[in-house]
Amino acid sequence: MDQSLNLSRREFLISTAAVGGGLALGLQLPFGVNAAIAADVVPEVNAWVVIRPDDTVVIRVARSEMGQGTITGLAQLVAEELECDWSKVSTEYPTPGQNLKRNRVWGAFSTGGSRGIRTSHEYVRQGGAVARMMLVQAAANQWKVAASECSTADSVITHQPTGRTVTYGKVANAAGKLPAPDVKGIKLKDPKDWKIAGKSMKRFGAAEKVTGRQVYGFDLKLPGMVNAAIMECPVFGGKLKGFDAAKVSGMKGVKKVLRVGDTAVAVVADTWWHAKTALDALPIDWDLGANAKVSSASIAADLKAGLTASQAFVGNKSGDIKTALAGAARTIDAEYAYPYQNHACMEPMNATARYTPDKCEVWVPTQDGEASFAAVLEASGLPADKCEVYKLDLGGGFGRRGAFQDYVTQAVRIAREMPGTPVKLLWSREEDMRQGRFHPVMQCRMTGSFDANNNLTGLHMRLSGQSILASVRPAIVEKAGGKDPATFQGVAESGEHSLGYTFPNMLVDHAMRNTHVPPGFWRGVNINQNAIFLECFMDELAHAAGEDPVAFRRRFMAKHPRNLAVLNAVAERIGWDKPAPMGLHRGIAQMKAFDSFVAAACEISVEGGNKVKVHRIVAATDSGYAVNPAQIERQVAGSFVYGLSALFMQECTVKDGRIEQENFHSYNSMRIAQMPRVESIIMPGGGPIWGGVGEPTICVAAPAVLNAFFKATGKRIRSVPLKNHGIEMV
Amino acid sequence: MEPADVERDQRRDFLMTAGRVAGGLGLAALAGQAWATPETMQSAVRRVAGDSALRRGKVRLSIPPLVENGNSVEITVSVDSPMTATDYVKSIHVFTEKNPLPEVIGVSLGPRAGRARITTRIRLADSQQVLAVAELSDGSFWSDSADVIVTLAACLESLI
């Protein structure tokens, strides 16, 4: 097929809809038909805001939407300062190529680390405020009055002395031609005066998702598109030796069988199923390499040795732990373990690429459009002005689609072999399970010392396991003298993941034990295991001291008032001071993560010693500010779907160097009937720092449930997932 | 003569003329001055170039404006030079503002190198300016620079 590749964006959108047929008609297209047209014919007021003559407003947001509601929240912040009519607001993504050309006017595209709102709230609000000032100035110029005499509300500018009014749409064109005022002089609104932000506005795109009209990456159809299935060497570090293309090239629909880089082979066909079927039938010869000898058992043995190794990186310390342990009246210790886990996004990895020597375009669900763009630059070999990335909403990201753009690189490499033809690369579920960037494995030995009066005198937390940054961002590890600072999330000395207790003598250290399994950032990252290690052991210590777990924790929280506030909030709401209802047992946990303070208290029942029903979780979040409270509640509940699935069911095991789990039959997720009632307490404490929401609470569900399980059964479970202990979620 | 060579010769003529008219100082001003960089990089540059003026031109630094993680970034430095026994590139150096070591590449060349061009991969610790410097056989130093954005790993902005 001869693609002219000069399709305008609008023509492309229209042709996409037409080719897609009945289903595609009426689809909400990837970058929004309306937005595309608006940008074509109406000049923007500034980079953030486009206003049409009919007063509809398009707000541009660089962060990616993957179900977390960040687009709605960020648009609320822009609209708040813009003072526009919220009912007329829609959003669109700028492209990474535009961002580069415009000196990164939209800031970073990276959407992870619960940073969507907390690291961009200021500049998006400034963007809205600047646009408002330009609109007012345009109206004032038209009326020949002073801008200071004009006020704004709901997209209407009023000249106070005369009562004259004009809507934003009427002056947007003129406003766009004015010089932008300096953001330095702009005073943003006090959150207590917010009218749009801080309110539970309905989420953009919800109707499309509920009705199935949303176009995800794997729904995308371009004119003349072909489909690719891929398999990368299942043993990490292995290589592709060869394959017998002749065996499958005659199969139905097959167009091409090709090597992709050093490690993968792909089949391109008319339909994805034909590609996948041929790939399954393709004889492939792998050079598996030395890693083929590695197993979960050999990894566990390496980590176990690290628990008592003399060399370890110090992450946090106070007092003198050695002396405390040596002089203790008694010590208690416990060993914990956390497995590899996969992100298992509902939408497997995919990217659609169209390459010619003059232009390479990629459509991709990505947590970081700029990282995708960088991958396109490298894989296409073309300069930046000949590349572009169009972002699509994600069918799940959880950290898989941010720092790792392997599927983008693959798609471009395949497309380069078929110039002019759009190629959609879609991973099978099996490929997605095998080629994850896995939650790292970690073991932990916790040791606590008591004096003769049952006072806790010391705590040693020895982590042993995999560093994410050592392979993903070695520069950070190098800068830290070999230490991976991210390993200490939730137990760090200071910063966004600081420890919420002060102990008289304490040491948190990490024996780094890296493996050949590629680690990645899995929603919450290292807080998941650290919260279990610390908060379950706090329960063990309380039990050993003969004290109530909440009262025991409070002893060490005098210097951590916001941690204490969320702990108290959940304790009070669940009725910690009163006995639990008959048959129910309670557990509690708290942590600071991503600059938010979070706590959870749960009620569970246990039948037959192993059938666990989680009835209720009360969760408190102090994220400093709450831009959309309803969205925070959903994020908290969603984090428990992820966190409880991980606790009960999810583990990736390694055999012969490869991940054994291939689909949801062996890597399960909880179902709606298993979901507990979630009560969210949103208690924004203000201050200069804004906290995140997407990840923090994920880590407190598991230790709360484990602590409740001990209350119910007297058994401490110290390794995840619970299925390995014969424990089921019901 | 190739168009690029014409351009190069014209530029050289221009520089030489400018040098004659305005003297050393003026030449540096016209051809581009050493630009503001963090101190460590600047002192590393000084270790290589001494007190010589660092002029902009002749050197071409090719590096992507945006890279995924900075762990392996392809970089090409080429220098306009006939590479003859009397007019050649003596060395090429690459400096970074925010890497642990400011000088990441130092390559010695001679007339028999044939082409004054190197391609390799380097690691970049962060978004930063990269500076390429070439020392010519006449003792002059020439340079080119580029800003590179390292798109940060999603969950890590505060650690960097």
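Let's start inside chain A. The buried residues of helix α18(A) pack against one helix segment, α17 (549–554), and against β21 (585–593), β22 (596–607), β23 (611–622) and β26 (677–682) of chain A. Before going on: this is a predicted model.

Which residues of α18(A) are buried? They are Asn563(A), Leu564(A), Val566(A), Leu567(A), Ala569(A), Val570(A), Ala571(A) and Ile574(A). Now the length. Helix α18 of chain A covers residues 561–574, which is 14 residues. At 1.5 Å a residue, the helix should span 20 Å. Its end C-alpha atoms are 20 Å apart, so the two agree. Just after α18(A) comes Gly575(A), with a positive phi of about 80 degrees.

Next, helix α11 of chain A, residues 369–380. Here 12 residues at 1.5 Å each should give 16 Å. The end C-alpha atoms sit 16 Å apart, which agrees. How many of the residues of α11(A) are buried? The count is 12 of 12, so to speak of cover, the helix is mostly covered. Among the buried residues are Glu370(A), Phe373(A), Leu377(A) and Glu378(A).

What do they pack against? In chain A, the partners are α4 (96–101), β14 (350–356), β15 (359–365), β16 (387–392) and α12 (406–416). Chain B joins in too, through β3 (66–67). After α11(A) comes Gly381(A), and its phi is positive, near 75 degrees.

Now step back to the whole of chain A. It has 20 helices and 27 strands. Its radius of gyration is 27 Å, close to the 27 Å that the globule rule gives for 730 residues, so chain A is as compact as a globular protein of that length. Along the principal axes, the C-alpha trace spans about 80 × 80 × 50 Å. Of the 730 residues, 54% count as buried. Take the contacts in chain A with a separation of 6 or more: residues 24 or more positions apart account for 79% of them.

On to confidence. The model scores ipTM 0.83 and pTM 0.90. Chain B averages a pLDDT of 78, and 72% of its residues score at least 70. Where in chain B is confidence lowest, and where highest? The lowest is helix α1 of chain B, residues 3–31, at a mean of 35. The highest is strand β2 of chain B, residues 59–62, at 98. Over residues 1–36 of chain B, pLDDT stays under 50. For that stretch the model has 21 contacts beyond four places in sequence.

Methods. Residues numbered from 1 in each chain as written. Chains lettered and ligands numbered in written order. Predicted model: local features only at pLDDT ≥ 70, side-chain atom pairs only at ≥ 80, totals over all residues. Helix = DSSP H or I, 4+ residues; strand = E, 2+ residues; numbered from the N terminus. Rg over C-alpha atoms; globule rule 2.2 N^0.38 Å. Buried ≥ 20, exposed ≤ 12 C-beta atoms within 10 Å, placed from the backbone. Contact = placed C-beta atoms within 7 Å. Expected span 1.5 Å × (residues − 1). pLDDT = per-residue confidence, 0-100.
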